[in-house]
Amino acid sequence: MRNRLLILSFHRVLPQADPFRRGDITVDAFERICASLSRFFRVMTLGDAAHRMREHGTLPDRALTLTFDDGFADNAEIAAPVLARHGLKATFFVSTGFLDGSIMFNDAIIEALRTARRDTLDLSELHGELSGTRPLDTLEARVALSKELEGALKYREPQERLALTRKLATLLDADNAPSLMMTPEQVAQMAEQGIEIGGHTVNHPILRELSPDAALEEIRTGRDRLQAITQRGVASFAYPNGRPGQDYDATTVAAVEAAGFTQAVTTAWGAARCDDDPLQLPRLTFWDRRALTFVPRMLSYYVRGGRGEQLPRESAVEVA
């Protein structure tokens, strides 16, 4: 099980279960998992793991990295203290455009539907390209619509997404969305505690949808701000959404390298190996909240070692 790295992907760690965010772990489950990780795995930051893969060609047995995407406040307020209690390290990827009280478009959708005062929504009121009336009279209907709207808006330009989510809140007569993201001060404090902070663009766009210059600007500007906040180098990156060929392409990989990053993670499913492209390391989405079965599943994945999809670097267009 040497020379293989498992990289786990998280987003939020919640104080209690949320029907709108069934893919996110609760603090109680996270506490149990961290207790197991500290006993059975060698947990390190992505930067440390990538250095060993690159410079030494070997990793310790059962090497594992925990990553958190986007920059949610509960990462600092809930996840980081749990990690510290168990002596674990992690890498937190932060989209800098949301650090000053803003909110990501999918969370804006969720919060609008959570507090909506209307019983139905005609989607054509939101955007002419959408159609059909959706009921809002049950929690299940609101959760389903949140997923539908996230899928419909995900690949739109960030400013259009923002305008549409604001319009949605107005149409639904919803409450103002709460602030869910970290502040610059929290990011700086986490870095002071030895937590690795990584780049995740400014506005969390689908990078493949942007021009090469615009993609480079998103990647580089996000890194510059994080370095200014933390007063440290930022060398690790996570592609928004992260699916090879769909959310990023070879040109995007070239932009990540040009911006100064030395390792990056995708959402391709697999175990990372020392001969993988360091700018396209695969991850595993956390799938099992039961500590008793989590450890055996993870250990079995070291043995099976599925390989994540990677794009060929030789086809990348040079980015100035």
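Two strands pair if DSSP finds at least two bridges between them. Helices (H or I, at least four residues) and strands (E, at least two) are DSSP runs, numbered from the N terminus. On those terms, strand β6 (residues 91-94) runs parallel to β9, joined by 4 bridges. The model is predicted: local features need pLDDT of at least 70, side-chain atom pairs count only at pLDDT 80 or more, and totals for chains, interfaces and linings use all residues. Residues are numbered from 1 along each chain as its sequence is written, and side-chain values use heavy atoms, with hydrogens and water left out.

**Strand β9**
- I197 in β9 is the bridge partner of F92.
- E196 and G198 point one way from β9 (residues 196-199), I197 and G199 the other, and all are buried (under 20% relative accessible area, 1.4 Å probe, protein chains only).
- In a regular strand, side chains alternate between the two faces of the sheet.

**Nonpolar cores**
- A nonpolar core is a set of buried Ala, Val, Leu, Ile, Met, Phe, Trp, Tyr and Cys residues joined through side-chain atoms within 4.5 Å.
- The largest has 58 residues; F30, L64, L66 and F68 touch the most other members.
- Beyond its neighbours within four places in sequence, F30 is in contact (heavy atoms within 4.5 Å) with F10, V13, I25, F68, A79, V82 and L83.
- A second, separate core holds 21 residues, including A112, V143, L164 and L172.

**Largest pocket**
- A pocket is an open set of points on a 1 Å grid over the protein atoms alone, where a 1.4 Å probe fits, with protein on both sides within 12 Å along at least five of seven lines; lining residues have an atom within 4 Å of a point.
- Its volume, the space filled by probe spheres set on the points, is about 800 Å³.
- Of its 32 lining residues, H11, D24, D70, N106 and E150 are the closest to the centre.
- β1 (4-10), β5 (63-70), α4 (105-114), α6 (139-153) and β13 (281-285) each supply at least two lining residues.
- The lining has 11 nonpolar, 9 polar and 12 charged residues (nonpolar: Ala, Val, Leu, Ile, Met, Phe, Trp, Tyr, Cys, Pro; charged: Asp, Glu, Lys, Arg; polar: the others, Gly among them).

**Second largest pocket**
- This pocket holds about 280 Å³ of space.
- Of its 16 lining residues, I103, A108, R166, A169 and A177 are the closest to the centre.
- The largest share, 5 residues, comes from α7.
- The lining divides into 8 nonpolar, 5 polar and 3 charged residues.

Methods: Buried means under 20% relative accessible area, exposed over 50%, partly exposed in between (1.4 Å probe, protein chains only).
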